[in-house]
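Here's a quick tour of a few spots worth a look. Open up the structure and follow along.

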Amino acid sequence: MLISYNWLKEYTGDTTETAQQAADLLGAHSFEIEGLEEIKGDTIIEIDILPNRASDSLCHRGVARELATVTSVPLANDPLRNTPDLRALDTIEVSIKDVEACPRFTASLLTDVVVKESPDWLKERLESIGQRSINNIVDATNYVMFALGQPLHAYDADLFPQADGKWQLGVRYAVAGETVSLIAEGGKDEERIIELQGTELLIVDNSTNTPIGLAGVKGGRFAGVHAGTTKVIIEAAHFHPTITRKTARRLGIVIDASKRFENEPSRELPPYAQSDIITLITEIADGTYVGTTDVYLEKQKSVAVSVSTARVNSRLGLSLSTEDMAAILRRVGCDVTAAGEIMTATGPWERTDLLIEEDFIEEVGRIYGYEHIASVLPAVTTLESINKRHYYLELIRDFLIEQGFSEVITSSFRKKDDVQLKNALASDKSYLRSGLTTNIAEALEKNAGFTDLLGTGDTKIFEIGTVFYTENDVVTEHVSLAFGVRLKASGYSGKEDKIIQTVIAQLNDKMSADISFDIAKGIAECNITELLPSLPEVEAYAPVVPGKAIAYQSFSLFPSMSRDIAMWVQEGVTRTEVEQVLNDAVGSLCVRITFVDEFTKEGRTSLAFRLIFQSSTRTLTDGEVAGIMEAINNAVAEKDWEVR
Amino acid sequence: MIAEINSIFAEIGFTFAEGPEAETEHYNFDQLNVPKDHPSRDMQDTFWFKDSDVSEPTVLRTQTSPVQSRYMESHKPPIRIIVPGKVFRNEATDATHEAQFFQLEGLYVDKDVNLGHLKGTIEYFFGRFLGGDVEIRFRPGFFPFVEPGVEVDMKLLSGDSKLTGKWIEIMGAGMVHPNVLSRSGIDPAEYSGFAFGMGIDRLAVMKYGINDIRDLYTGDLRFVNQF
């Protein structure tokens with residue numbers, strides 16, 4: 001969420017902190033800070049509000065209140081602590097069908113309104129957080145939402161039909177097949193008609209039973225405010241967060257209002273939002289306030305929680321006094337009474353997240369500061385048990401790596417197999433692998449072409465992973481081991497199975513076991529889960545050699561080219577010497593020099609090398625590589641070595 | 001790398017625990033205090049098995065945390081475990097996110113376990129894993145199965161690697177939520193615990209400076225053979 005620092009100051013008053021300092025404090029004690037940007041004499045702070053704080057802090061007042069807590073300087077102006085001065089109204093009636101879905105609904109009437117451009121200060125406020133100004137009434141609803149976190153909606157009262165001299169608003173579930181016409185995206189003037197399936201909560205014009213908005217999700221086009229509007233009805237309500245979220249998600253409507261309703265701001269909030277918008281419309285649209293209908297069917301209960309100071313300290317690893325803790329909780333806005341080691345704390349009404357003792361422990365910890373918590377290494381104990389699977393898999397891993405195999409991790413998803421997921425990422429990933437053999441075959445195929453680049457003669461890989469299949473119609477899984485060999489880039493040569501057999505024999509030897517593998521075309525696979533019970537119990541892990549320091553390099557996605565060079569050198573010239581000359585001459589596009597062979601004949605030695613060229617930014621051309629080879633040949637000739 | 005992680009945690013008494021990748025909704029969500037209507041249970045975020053293939057609602061586990069609950073049900077405190085394992089999220093893949101990745105879970109439950117023990121344990125692990133002095137800091141965080149919840153940052157104090165001297169976000173952690181303890185048969189009035197979870201891929205990225213997480217899962221030896 002974008003927060004304007006100037007806007008925050010409307011609540012905090014003049015601060016001694018710079019925007020950066022304020023953001024740092026909030027980052028350490030309250031929220032996640034994504035970034036800061038200076039715009040036209042203001043600083044915009046991008047804040048990620050944690051899910052448990054989205055009910056009270058998705059707005060400027062909420063963030064300002066948090067800053068006040070952290071800095072211990074009370075807010076200069078707190079709109080949630082001025083009791084709303086609203087008067088009852090008998091010309092708007094609200095009927096709610098489901099109390100749980102909508103426990104509160106308020107609607108205010110203002111007359112003599114002049115719809116026009118918003119004043120500059122308001123436009124600037126909205127623009128600073130990326131909102132477009134539309135007109136003074138719509139802007140007022142947006143402003144109050146970003147100020148207090150309560151979404152609002154404005155209707156033209158003259159376009160809203162009356163029955164018995166009253167406006168009749170209702171909240172009810174949709175009937176399948178009903179339609180509602182919503183405001184188009186980005187304030188465009190076009191119809192967006194949604195057909196409803198019956199699970200959506202609607203706001204309706206009860207006089208005609210017409211759906212006029214998707215409750216909590218998006219307002220409708222019905223009775224929209226326009227340039228000639230003079231009488232407005234302002235709605236501020238509370239809807240069930242799950243109903244809102246499900247409808248919003250299903251229809252793909254995620255807007256500022258729905259995001260707030262989904263996080264369930266306090267149901268105490270609507271009158272405060274009404275109070276603020278009434279003041280605003282009176283100021284910027286010359287409106288005259290008539291009154292407010294407030295239907296509040298199920299009140300928010302305040303929760304008093306018993307907090308043991310011993311427990312606070314024992315969970316946080318601190319040693320604060322009861323007075324210190326009570327003072328911190330009071331800074332948060334809690335009502336606290338302390339009796340000895342027990343405090344009774346009630347959060348401020350807008351903090352609907354403070355419900356159990358641990359919630360208050362967290363408040364004490366984060367406001368006091370987690371930096372005060374000292375590191376304590378738990379007393380060292382002996383291991384309770386050795387993980388047999390891990391022990392044996394490490395044994396197998398080490399063995400296979402010794403044999404020149406590389407471990408791969410392939411995807412658990414496949415295009416077609418036994419177990420299909422209910423919801424897939426993509427059509428080519430909708431099944432789960434039932435074995436590793438197919439994946440190993442694909443990885444061999446893929447890697448067989450890289451042997452030159454990698455400087456490996458053949459391709460040997462293995463994988464250890466979970467596989468899924470149905471057994472008696474129920475999804476079953478086990479850990480599988482598979483390894484495969486490929487001698488030639490062109491494909492399975494027929495000679496691989498022999499190597500596999502040898503490896504299996506050696507493995508069985510090493511483990512004193514008789515593991516049987518399924519072997520197919522140079523790939524062997526076995527069920528580790530099934531095997532484990534038959535293996536001897538273990539008492540200690542084998543020592544682990546700490547990982548060597550590796551500087552990983554990203555690899556090029558462009559094809560490599562290989563060129564061989566062989567030469568006669570004089571007696572006494574070493575391979576290292578030749579490699580040095582080659583190294584100096586090959587240039588940056590040569591990524592690997594592999595020694596191929598060496599033999600001596602008639603007092604002369606022949607050395608052969610394979611050079612691999614590759615660019616990380618483009619595909620190399622034959623000409624380019626030929627040019628480099630020429631330079632290499634020249635360097636070799638200078639040494640009086642004879643290129644063969 | 002898992003062997004190295006395990007051996008460091010084994011030094012301070014953390015047992016290697018494991019659980020299934022096809023996990024029931026009960027363990028993956030209910031036992032972890034994830035509300036019934038929580039967005040993470042949606043099809044957009046979690047892979048679900050077909051109802052006809054399972055006896056109760058089952059998902060590809062979205063975290064290694066269900067093992068916490070399984071282990072607590074079958075063991076009495078003191079409990080010290082780590083759980084390395086593959087997890088799945090139904091999200092588009094890019095250079096830093098994969099639909100499947102490896103996570104490392106840690107859990108310590110005993111009398112009077114506090115956030116200081118969490119700090120000490122993480123500091124010890126990273127000091128040994130990265131081979132240098134590290135500093136750990138907590139920031140407020142939120143996960144349904146812990147309260148208080150923290151985001152953990154780490155700074156490598158020694159050496160001259162790319163990581164030295166910079167704060168890096170490494171994991172989410174916190175004190176085990178009392179609902180999680182009591183649902184698993186442990187009395188939260190008597191015991192407390194900390195839990196942490198981090199991407200093992202992230203550890204690899206930190207230790208080796210890998211730039212595209214997807215490379216870990218391609219089975220491409222141009223990548224694999226560097227380790």
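What follows covers a sheet, a helix and a chain contact in a predicted model.

## A three-stranded sheet

Let's begin in chain A, with an open sheet of three strands in the order 20-22-21, where the pairing is antiparallel. Strand 20 (413–414) and strand 21 (419–420) of chain A sit at the edges with a single partner strand each, so one side of each has no neighbour in the sheet.

Now for how strand 21 of chain A is held to its partner: two bridges join it to strand 22 (residues 431–432) of chain A, and the two run antiparallel. Look across from A:V419 and you'll find A:L432, in strand 22 of chain A. As a general point, strands of a sheet pair through backbone hydrogen bonds, either parallel or antiparallel.

## One face of helix 10

Next up is helix 10 of chain A, spanning residues 309–316, where A:T309, A:V312, A:R315 and A:L316 are buried. Viewed down the axis of helix 10 of chain A, the buried residues fall within an arc of 130°, so they line one face of the helix. The background is simple: an α-helix has 3.6 residues a turn, so residues three or four places apart point the same way.

Just past the end of helix 10 of chain A comes A:G317, with a positive phi of about 75°.

## Where chains A and B meet

The contact draws 74 residues from chain A and 70 residues from chain B. On the chain A side, helix 12 (residues 357–368) of chain A gives the most, with six residues.

What is the side of chain A that touches chain B made of? Sorted by type, its residues come to 33 nonpolar, 26 polar and 15 charged.

Conventions:
Residues numbered from 1 in each chain as written. Chains lettered and ligands numbered in written order. Predicted model: local features only at pLDDT ≥ 70, side-chain atom pairs only at ≥ 80, totals over all residues. Pairing = 2+ DSSP bridges. Helix = DSSP H or I, 4+ residues; strand = E, 2+ residues; numbered from the N terminus. Buried ≥ 20, exposed ≤ 12 C-beta atoms within 10 Å, placed from the backbone. Arc of directions from axis to C-beta. Contact = placed C-beta atoms within 7 Å. Nonpolar A, V, L, I, M, F, W, Y, C, P; charged D, E, K, R; others polar.
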